Amino acid sequence: MPENSPETSPDPDGEGLVFAYITAGSKEEALRIGRSLVEERLAACANVLDGMTSVYRWNGAVEQADEAVLIAKTRSSLFDRLTARVRELHGYDTPCVVELAVGRGNPAYLDWLRAETA
């Protein structure tokens, strides 16, 4: 596919965009964290997906818990600050905060994401 096809948006800053995948103990916690990230311009948008069930190993035992997923959309240069803020706001000792690189997308949406995380 050509580099400047309709599905791509040239990055004027030479900086990548990322989604931060975050899990939280409840929908309310995810909303509180997501709202803070957007208000502080560490993310342009935060999506909360409630009703996720996690199965994981913790302290030598297999556990299962109901959680919510928070997806925060931001610039790669803000990811470390976003992670630090999530750690401050989160109730878990070791919260899941994982960076997922954004490839191609709707150019207007990607431009909006960049503008809202200035």
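**View 1. Asn-59 sits out in the open, with a relative accessible area of 72%.** Asn-59 belongs to the loop between S2 and S3. Its phi is near 50°, a positive value in a residue other than glycine. S2 and S3 form a hairpin here, with two residues between them. Strands and helices are DSSP runs numbered from the N terminus, with at least two residues (E) for a strand and at least four (H or I) for a helix.

A word on what you're looking at: this is a predicted model, in which local features need pLDDT of at least 70 and side-chain atom pairs count only at pLDDT 80 or more, while totals for chains, interfaces and linings use all residues. Residues are numbered from 1 along each chain as its sequence is written, and side-chain values use heavy atoms, with hydrogens and water left out.

**View 2. Here's the whole chain, with three helices and four strands.** Follow the sequence and the pattern reads β-α-β-β-α-β-α. Of the 118 residues in the chain, 37% are buried. A contact means heavy atoms within 4.5 Å. Take the contacts between residues at least 6 apart in sequence, and 72% of them join residues at least 24 apart.

**View 3. Strand S3 pairs with S2 and also with S1.** Two strands pair if DSSP finds at least two bridges between them. Strand S2 (residues 45–58) runs antiparallel to S3, and twelve bridges join the two. Look for Thr-53, which stands opposite Asp-66 in S3, and for Asn-47, whose bridge partner in S3 is Ile-71. S1 and S3 are antiparallel as well, with eight bridges. On that side, Ala-24 stands opposite Ala-68 in S3. In a regular strand the side chains alternate between the two faces of the sheet.

**View 4. The largest nonpolar core gathers 18 residues.** Such a core is a set of buried Ala, Val, Leu, Ile, Met, Phe, Trp, Tyr and Cys residues joined through side-chain atoms within 4.5 Å. Ile-22, Leu-37, Ala-72, Leu-82 and Val-86 have the most contacts inside it. The elements giving two or more residues to this core are strand S1 (17–24), helix H1 (27–39), strand S3 (61–75) and helix H2 (79–89). What does Ala-72 touch, leaving aside its neighbours within four places in sequence? The list includes Val-18, Phe-19, Ile-22, Leu-37, Cys-45 and Leu-82. In soluble globular proteins, nonpolar side chains tend to be buried together.

**View 5. Cys-45 counts as buried, while Cys-96 is partly exposed.** Cys-45 has a relative accessibility of 19%, and Cys-96 has a relative accessible area of 27%. How many disulfides are there? The count is zero, where a disulfide is a pair of cysteine sulfur atoms within 2.5 Å.

**View 6. Tyr-109 and Trp-112 form the one aromatic pair in the structure.** Rings of Phe, Tyr and Trp (its six-membered ring) pair if their centres lie within 6.5 Å; planes under 30 degrees apart count as stacked, over 60 as edge-to-face and the rest as tilted. This pair is tilted, because the planes are at 40°, with the ring centres 5.5 Å apart. Both residues lie in helix H3 (residues 107–115), three residues apart, about one turn of the helix. Tyr-109 is partly exposed at 29% relative accessibility, and Trp-112 is partly exposed too, at 34%.

**View 7. Lys-73 lies over the face of Phe-19.** Its distance from the ring centre is 5.4 Å. A charge sits over a ring if NZ of Lys or CZ of Arg is within 6 Å of the ring centre and within 35 degrees of the ring normal.

View 8. Which residues does it contact, neighbours within four places in sequence aside? Among them are Arg-41, Leu-42, Lys-73 and Leu-78. Leu-42 is 75 residues from Thr-117 in sequence, and their C-alpha atoms are 6.0 Å apart. Arg-41 is found in the loop between H1 and S2, and has a positive phi of about 60° although it is not a glycine. At 37% relative accessibility, Arg-41 counts as partly exposed.

Notes:
Buried means under 20% relative accessible area, exposed over 50%, partly exposed in between (1.4 Å probe, protein chains only).
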